[in-house]
Each structure stands twice: as structure tokens, then as C-alpha cells.
Amino acid sequence: LNFLPITLHRHRHRGEVGMADTNGSVPPDEPPTILYLGQHESQRSAPVSSKLLGQAQLAGYDLLTAPLTTAHFHSRVLATLEQHVQQLKASSNAGHVPLPTLSPLLPDDTDLTPEDSNSALIGVVSPWIDLGSPDPLVAHVSRQVFNLELAYAAFCGLSNVLVHGPLEGSDVVQYSRAVLEALSLGPYLQLQTLLPISGELELEGADGAHLAELAREQYAAQVSDDEDETSDEPDQFESWEKWNTIRTICGYSSKLTVALEIPRQLPALTLQSRWYSEPVRTLVLPRTSFLRNTKGFPVLAKAHQTLLSRFLRLRYAPWVLLADVDPIETSDSLALKSAPEPTPAEAARNSKDCSPDPIAHLRYLRHLQQTQPARPPIERFGQGYQDYVQSPLQPLTDNLESITYEVFEKDPVKYEWYERAIAAALKDLNSKLGGSRPIICAVVGAGRGPLVTRVLRASKSTGIAVTPCAVEKNFNAHVLIQRRNATDPLWNKEVLIYKSDMRSWPGPTIDGTVHKVDIMVSELLGSFADNELSPECLDGVQHVLHPEHGINIPQSYSAHFNPISTPRLYSDLLQRGGEDKWELPAVVMLHQYDDLCRTPSRAGASSAAVFSELIPDVKDAWLFSHPLPPSILAHAEKRAGGTLDAGGWTGGDGKNEHNVRSCRVSFKTQDRGVCHGLAGYFETVLYAPVDGSKAIELSTNPITMEDKSKDMISWFPIFFPLKTPIFVPGGSEIEVSMWRQTDDRKVWYEWYVEVWNKMGGKRRVKVAESEIHSSRKNGCLM
């Protein structure tokens, strides 16, 4: 319980998370994989009684689907529709015949009653309606059925209802409008739209007449004409685009989710990744999704197992619905087994479809649940914070608490790399100075002293003497590091400790004389490299660094970003109050998202993303290096007070304008999608040895993270949201303009997104653009 608020506090500051162990082993207290399994029968006609539910739960199911109405209601609807059609035929003026209305449900129309056990049921809307029918009569009757069933489901206390997605040839916009209205029928009702991952649904359809088949000839002809004009080539993203229309019209409602049917043949990874980013509440596995092993038992192909494992890693993992497999046997169904013996041909056919175990599919899914692969370190220790939007703190105006420091100090990967960089710098500088004196190493922003310890360990491992210094403005942390200096055997009362803002520190006093620093070590980087004002801090303390051979660790850092689709984050922000939320970059452990732009896959290449086979196209924004040339700082000082010119472009006297940055970057999309914002990362060179050996680097960039700092978990990415999502056509170009601005009192970011379509040759047409977003009101104070 203590761990959660501690990590949350630290996440809000820098997006860092503590870690107890990074050796790749699974902690013994890692919580087991949670998997809720349900059973669905497309043609379930018998009432879902408490007895049936008890049998299902006894077998190992958590959920059951239940039709909201009976065949009696179906017949009544058909009779009403038929009666109206006869009235139209008999009338000389069809416009004078009012549209048919359905009376409220009758006792024979439904088997459902309010029960406490209904929380384990998923209601199923009648699959024979057509909410988007081109025939207004069919659509009108379908909407009445839809609303009657949902209202009664809400009355009975059901919290989840499944509705089939729009039919082929249906009007998706009309369907979506009906869903939007239905979302208000129950305050606690969650609506799941059943859609195929691509193509058409494989589940069995409605038993009996479908209202779509009753569409009048003039409207059915319109659909046929439209279908003739469409391409014969299948569109893998068609099902996703229908969903995008539905959720957009429904305003990204948190009450609307997807029940995604998984076919035997999975689509391309790019489409799998897209659906992974969507609010999938249920994965539906029909009988056709399974293969048979040599013993006749049902199994999933490796690709399906991998997809399931990915979904189970989500913060809120979807349920799994086994559809039309392993009917639940009760005493009533067992009595039916007195049927005549099958013929040899029937027996042979049945043996191919039936496994020796009546709940084989359920047992297999439970087996997969128990044998899930270990999560990566960052997911294990960031568990519960995936896709959680957090506002970063302002490091120069906030003093952290001890327990906050404690959490982010537990990442040995980062500090191990720092120790390597310090050791390499000591060797190079000692060689340059000829070992004539101890090397002065100052840790600026020392906190509770983890980097000071690494300086001392590097000195011990290299045998090079140092004069260690620690500078910290947090007066509370200052007390702790003084005590540590007095009691820690490694520190041994040898660390020179200064309570000061690093920018005001004159330098270390040794034997009564103020000296310059040879190596200056800091950990001021944020999720976007410079967003915690590392450039401004290190500029301010550069006056104490030796002008000829002084070394900064880190030596440089760069910001990187790419456009992403993340309905989860957008929906989360929609539910928050205030308008500043769209103008504030947020620290987020990105998990349920999709990269809109990718680079071609290369043999052996992988990324740190969930779909590691897909390589995101992450572009450079800008770079900062330290120390700065003295001429740059001298010019900045001359601008202070407005004595040199008219002042800075965005306010102030321009003293900090050398730290302004901007970029305009272009990305090429492969598939259509929706851009909800930009994901930001960073890379840093802690130290590059003078002998040309491999630089010691850290990275959160998913392309380079595995190579530069594998298993480092200290930083989460940053997210720059868009107030209005932008639809991006396939093959288009996304151009992003971004600025890092300052007025000498604070630093803020601005971002703007455009989408262009090529029209042949060099001609382009802009098809979408965002407004310019600015965090100026919430800038980071200097």
C-alpha cells in the first residue's frame, strides 16, 4: 500500500519508477495473470437460470451471455412489421400511414428478471435487428427493439450488454447515432460493440428472419448499386474504420467498448497493433479460432497466443469469451443424450468437431493463463500506472520528499551507467593532467547522494584520487547528506557539501581557496530531455567548471518524438475538467497506443514497443550539449537587463534565448488512423571516451533503448496531446512543428500538427491541421 502513493509522487515529477531488481527474474510476489472467461452461445434459447449460471461457474467460467429477449418477442416484432407493410399496400397514400410502434416488453418476451447474479451476465441484444438499415422502416423498428432491450437490461441490473456491429451495406453513421442515444438509457450500462478484427464475423447469425432481409426492394437496390461500385480487394482496416466512426460520433464515451472477434487467420501486425490501442473490453474466440493438436484437443496457434499475451499485459485486460464451444451441461441437457445413436458418418464428423473433454477449450485457456511469460522490468514495476496521465512537477520550485528520492534511487541500471561514465572521464582527465592532483568532481543537484556514491566508487575502482563535492538546494536533503557524510564508510567525511542553488554556487573552497570543478555530474533530465530545465541549470553553474578541460556528465542530450494514436489517453483527458489539460505535456507510461508511422522492418531489428517487430519512425527534435562555448554565455549576459537590444522574441530580455529550440519534422503514414498526440522520448550521451570507444548512453527512445540502456526503467515518455483528434489517410504525410520557448522567467513548449496528401508530382494538399497548442500558462519556472 505504501508503494503506490510513493511511485505516483515520483512519477508526477519525472516519470520515474523504482525497481527492486533488474536481473530479469520474475519477483516471487508478482501478481498472477487475471483472466475473466465467459461462455457464449449464438443460438442460446433456454433461459439463463441461476442453475445454469451455477453450473457454468462450477465448470470454471466467470461470465455467461444471455439473450435479452425471447423468440416470442422476435415473432411479435415480425408480426408488427408485416402488419405495417400490409397497411402500406392497402393505403392509397403511404404518407398517411404512421410508423409502427412496439409496446413495452411482455412477460413472454424475456426470461430475464432482476437478480443479484446478473452481475455475472453479459446481455446480448437481438442479433436480428439492423440499426443502420437503408430502409427507414427497418431502421425505425430496429431502434425500438434496441432501446426496449437496453432499458430492460438496465432495469434488471446488467452492467454489460453486447450488440452486433453494423451489417455489410448498413449506414454506419445511422447505426452510430442509434448507439449514441442508447448510451443514455442506463447510468451504469456498458455497451460492447461486437466487431471482427477484419473481414466479417464468423459467429453464427440470428436464428430466424433477420430484419435486414425484410428491407423493401427500392432500398435494397441502393445497397446493391453501392456494393457494385466498391473494389473487390479486401480492406483490412474497414472494420476498424467502422469502429472509429461509431466511437467518434459517441464522443469517445467511456461506456462504449469493443468486443473483438479473433479469427483463425490473424491480420497483419499493423492492424493487430491498431486494435490493441482501442478500448477492447472482450476478446471473442469462436470455435473456428482454434486448431486441434495431435490428441484432438483445442489449441491456439502461436500467433494467437502472442496476441492474447499482449492483451493480458494491459492495465485493464479484456475478458475472453468462448463462443459456440463446449455447451454447458445441466441435468436437463444430459437427458437429451437419449437421442438415437448417430450413423458412422455422423460419428466420424462429430469426432472431428468434439474433443474428448467437454470443457477442453476452457481448460486450455486456463492453462494459458497460468503459463503467461514474465513481463518486462518496466511493466512489472510500473504495474498500475500504464496509460495513467500525470502532470509533471516543477523541479526548480519544488523540494522533493525523502520517500520520493528513495523510489527513483532504486534503478541500478541508470546509476551503473553513470558510474561507468564517471570512471571513463576520470581516466581520460587523469591522463591529461598527468596525475598531478586529485580531480575535483562535483555532483550538482545531489539529492540524497546516489551520484556522490557512484563518484566515490568510480574513484576506488580506477585508483584515481578525487575531491568529491555535493551541491543541493533542498534544505531537507541537505540534512540527510551531511549525516551520510558523517556515517557512511565510503563517504568517510571527505565529501564537501554545499547547501545552494547550483546557479549561485561559487565553487568548492579547498584550503581556503575557491577552485574550479574538473568533472560536473548531474541528473537533471526529464522525459523530453530538457523539460526539467537542465540547459538553464547547467548554464548557470558553468562558471565553476574548469574552462580548459572541464567535463560535463552528461555531455549532451536530445529530444525525439513521433505521432501516435491513443484513444485511451484522449478519452481520459476528455473526462477531466478545465481546458489547460490540452496544453500541458504529461508524463505517461505509454502502453495501450499505436504508432502511426513506421520504418520498414529489417531482419533482426526490434523496438522496445509492445509490438517489438514493428519499428516506429521516431524523429529528432533538437539537441543540447555542455559545456557551452564561453562566447554564447558571454553574449547572453550582455543581453541581460535589455542593454544590448530590444529583448527576446517571446518576452524577457533574451538572456535565455540561446536555449530556444524549434523543429519541423515530416512523417510518412502507411495506414489510415487517428492522431491523438505526440509521444516524446530522449537520448543522452553521458560520456564519450577520448579513445573513440563506445559512448556511455541512456535512452528512452524505443528504437535505441534496447541497445543503449536495456532494462532501464527510470523515465516514462512524455505525451503532447491534441485537443481535437486528426484523421490521417493512409499514404499521407504528417508534419509536426514544435518549439521550446522562453521569456527568461519560464520555459514552455508549443506544438502544431498538419496532414498533407500528395496529388501527383510535388503538389500536395493539406487535408487536416490542429490548432497550435502551448503550455505557456503552465510553463516550467526558472
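**Entry 1. Pro373**

I began with Pro373, which I found in the loop between helix H12 (360–370) and helix H13 (377–381). Helices (H or I, at least four residues) and strands (E, at least two) are DSSP runs, numbered from the N terminus. The model is a predicted one, in which local features need pLDDT of at least 70 and side-chain atom pairs count only at pLDDT 80 or more, while totals for chains, interfaces and linings use all residues. Residues are numbered from 1 along each chain as its sequence is written, and side-chain values use heavy atoms, with hydrogens and water left out.

I looked up the accessibility of Pro373 and noted a relative accessible area of 56%, which means that Pro373 is exposed. In these notes buried stands for under 20% relative accessible area, exposed for over 50%, and partly exposed for what lies in between (1.4 Å probe, protein chains only). I also compared Pro373 with Leu201: they are 172 residues apart in sequence and 30 Å apart in space, C-alpha to C-alpha.

**Entry 2. The annotated binding site**

I consulted UniProt, where an unreviewed entry lists Tyr405, Lys414, Tyr415, Glu472, Asp501 and Met502 under "binding site". These residues are spread over 98 residues of sequence and are also spread in space, up to 24.0 Å between C-alpha atoms. I kept in mind that UniProt positions are given in the numbering used here, that feature names are shortened, and that annotations may be inferred rather than shown by experiment.

I turned to Glu472, which is in strand S12 (residues 466–472). Glu472 is buried yet has no salt bridge, and the nearest side chain of opposite charge, Lys473, is 5.6 Å away. For charge, Lys and Arg count as positive and Asp and Glu as negative, while His and the chain ends are not counted. A salt bridge is a side-chain nitrogen of Lys or Arg within 4 Å of a carboxyl oxygen of Asp or Glu. I did find that the side chain of Glu472 reaches the backbone nitrogen of Asn474 at 2.9 Å. Leaving aside residues up to four places away in sequence, Glu472 touches residues including Tyr405, Gly445, Tyr498 and Lys499; contact means heavy atoms within 4.5 Å.

I then went to the loop between strand S13 (496–499) and strand S14 (509–510), where Asp501 lies. Asp501 is partly exposed, with a relative accessible area of 24%. A polar atom of the Asp501 side chain lies 2.9 Å from the backbone nitrogen of Arg503. Met502 is also found in the loop between S13 and S14, but Met502 counts as buried, because its relative accessibility is 8%. Among the residues that Met502 touches, not counting those up to four places away in sequence, I noted Val444, Leu524, Cys537 and His543.

**Entry 3. Helix H20**

Just after H20, Gly641 takes a positive phi of about 85°.

**Entry 4. Salt bridges**

I counted the salt bridges, and the total is 44. In one of them the side chains of Arg672 and Glu241 meet at 2.7 Å, N to O. This pair links distant parts of the chain, 431 residues apart: Arg672 is in the loop between strand S22 (661–668) and strand S23 (673–687), and Glu241 is in helix H7 (residues 238–249). Arg672 is buried, with a relative accessible area of 18%, while Glu241 is partly exposed at 27%.

I next looked up Glu697 and Lys708, whose closest N and O atoms are 3.0 Å apart in a salt bridge. Glu697 lies in strand S24 (residues 696–699) and Lys708 in helix H21 (residues 705–709), so the pair ties together parts 11 residues apart in sequence. Both Glu697 and Lys708 are buried.

Finally I noted a salt bridge between Glu769 and Lys766, with the closest N and O atoms 3.4 Å apart. Glu769 is partly exposed at 46% relative accessibility, and Lys766 is partly exposed at 32%. Both belong to a network of salt bridges that also links Arg664, Glu733, Glu735, Glu754, Lys758 and Arg764.

Note on methods: Polar contact = N/O pair within 3.5 Å; in protein donor to acceptor, adjacent residues only side chain to side chain.
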